[in-house]
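Morning, everyone. I have one structure to show you today.

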Amino acid sequence: MNTSTFNLDHCIEKLQKCEILPESTIKEITDKMKELLISESNVQEIRSPVTVVGDVHGQFYDVLEIFKIGGQCPDTNYLFLGDYVDRGYHSVETISLLTCLKLRYPSRITLLRGNHESRQITQVYGFYGECMRKYGNPTVWKYFTEMFDYLSVAAIIDEAIYCVHGGLSPSALSIDQIKVLDRFQEVPNEGALSDILWSDPDPDREGFVESQRGAGYSYGKDVTLRFLQNNKMQHIIRAHQLCMDGYQTLFDNKLSTVWSAPNYCNRCGNMASIVEVNEKLERYFNTYAAAPQSLSNKPTLDTNKELPDYFL
Amino acid sequence: MATTQQPEATEHQHFGVVEIKDLENHKFIKPVKVVTNEDDIKKFLRSGACRDLLEYIQTLSDKIKSKPNSTKTQNSNEIKNIVSMLNEISVYIDNIPPLAQPMRYGNKAYRTFYQKLLDNVEELHKHLLPQSMHSSIIELSSYLMDAMGNQTRLDYGTGHELHFVVWTYCLRRIGFLKSTDEEDIVLNVFTTYLDLVRKLQRVYGLEPAGTHGVWSLDDYQFIPFIWGASQLIGNPFDIKPASVTIEKVVDQYYKEYLYIACIKYINTVKKGPFHEHSRDLFNISGAASWQKINTGMMKKFYDDVLSKVPIIQHFLFGSLISFSV
């Protein structure tokens, strides 16, 4: 067993106990990750069987629950659709664990980029602040956000199921166009790279309509079916939207949304799901609720008050 | 060179809301979105619009300092009519129950509610305002509609709340509300609005728009924490910042204080210990005084709401609160 693998196993073990890695180790793993990701295509070709995971947003104990329900890595192949960070308590631990698993089992786990894997968004929605709290400086945030620029933006399962965080773009209606995008950059405010991370399906309208999110588009059934037909795809699996039941299928069962953060923000009361895609390309939604604290061995957050600077 | 820290100001100099002098000839316009990027935000933060908005929020904060909700106020006819109008909107919700069908998140019956309000918003304003102020409805309607959330995304957040504050600011600008109404804007109008939007959130399951999750004060609101902290300055019940973590105190005083009402509401919708589900509020409860919390909340509001592209990109600018890039 080489040193690198041994270190990774040690890191994974530590992270599974929800302990953060030292800053120097984060530097090492993000550098290695960039070396690995640079060779991956914008659109990753992957084989079934595979389990597809939607947004997890720093809900670390629910990520551990995913591995209990879906099977541990590398026994199960995984495809994560992005939004690993922001909003939950444990974005640092979540992205650290997934990065280490990717390095340890590169052919068994694929990580795509979500709209939250960006500098601008993580400075607003929690990951930046969490890195500052846990490390006392923004260096770890910098390492991870640089790594985010290397993540692939889409995946295709068995040349039949197109997987992406958000969806379609009017600027890239063919997968070949997505394959030639320059992905090694901060998520721009507009254009194809932005759209595929930000867009949402809308059963109530046709075509592409500018999204109310402030980035991306709402896309209708017509353009979705046309995209599938033109690209010889059977189905789209995407994430990016909270679903009460953990998933939703639209457009005559041609598009699925998967959401993997149960009881989102501690208040939404939603279920979560992962999508198990078998060799026949059948999709099974495995739903689950938030892991009970007693079952997840979740340590109680300490009750010491860390007064934010605003209130000193 | 070392600088000595200035003592914290407890009173602010107020310049007051500048009322439109000549309403008849004032050109009201439909408010539009202007901000799209970080450069726009920097300009906005230096603008008169931002300064006036902060000044208005601060003025209201100071007006209700040490005053619980039950404070005897002027409660003018204008205030009563606004409260009555908001209660009328609340009845729409009762008449439009959520649809019993599987949903993504956010019940589509909310769109029916929103459309009903849209169909009636002009009439509601005509009923509220004297004829001489009807030309302002084009602006007021936009702010009130957006204060109810987003009908496309079925969500609600701090940006929508901000538009309600702007709606009341516009009513001050056109002279419908006076400086003597400012206590009531918080203690009667805003409290009624809070009840209304919480009802919307509950009944239609609106998604929290752009929430910071566990790193936010609350997934939907911000302003009541500023004004609520001001109410608690020098309160006669010896309610200290740390008291908000004590269930008995919360149950006893939530009807009197906005801040405590927020805590009470959060405790009903979130599971588990307070220090886990509301870490930020728990940490803030370690502050030395309500004055520190009030001042800190204003700074935090500036940073977390007014300075953020994802929120201010949706902010509407018209003639009453104007800004252009």
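Please keep in mind that this is a predicted model. I'll start with Asp83(A). This residue sits in a loop of chain A, between strand S3 (78-80) and helix H4 (91-104). Is Asp83(A) buried or exposed? Buried, because its relative accessible area is 2%, and the cut-off for buried is under 20%. Leaving aside residues up to four places away in sequence, Asp83(A) touches Asp55(A), Val56(A), His57(A), Gly114(A), Asn115(A), His116(A), Glu117(A) and His165(A).

Two of those names come back now. UniProt places the feature "binding site" at Asp55(A), His57(A) and Asp83(A). These residues span 29 residues in sequence, yet no two of their C-alpha atoms are more than 5.8 Å apart, so they gather at one spot. Where is that spot? Asp55(A), His57(A) and Asp83(A) belong to the lining of the largest pocket.

Next, His57(A). Its loop runs between strand S2 (50-53) and helix H3 (60-70) of chain A. His57(A) is buried too, at 1% relative accessibility. Beyond residues up to four places away in sequence, its contacts include Asp83(A), His116(A), Trp259(A) and Tyr264(A).

Last topic: cysteines. How many disulfides does a search of the whole structure find? Zero, over all chains. Take Cys11(A): the nearest cysteine sulfur belongs to Cys100(A), 4.7 Å away. A disulfide needs the two sulfur atoms within 2.5 Å, so Cys11(A) is in none. Cys11(A) is buried, at 7% relative accessibility. For Cys268(A), the nearest cysteine sulfur is that of Cys265(A), at 5.6 Å, and again there is no disulfide. Cys268(A) is buried as well, with a relative accessible area of 5%.

Conventions: Residues numbered from 1 in each chain as written. Chains lettered and ligands numbered in written order. Predicted model: local features only at pLDDT ≥ 70, side-chain atom pairs only at ≥ 80, totals over all residues. Heavy atoms only, no water. UniProt positions renumbered as here; feature names shortened; annotations may be inferred. 1 Å grid on protein atoms, 1.4 Å probe; cavity = no way out; pocket = protein on both sides within 12 Å on 5 of 7 lines; lining within 4 Å. Helix = DSSP H or I, 4+ residues; strand = E, 2+ residues; numbered from the N terminus. Buried < 20%, exposed > 50% of the residue type's maximum accessible area, 1.4 Å probe, protein only. Contact = heavy atoms within 4.5 Å.
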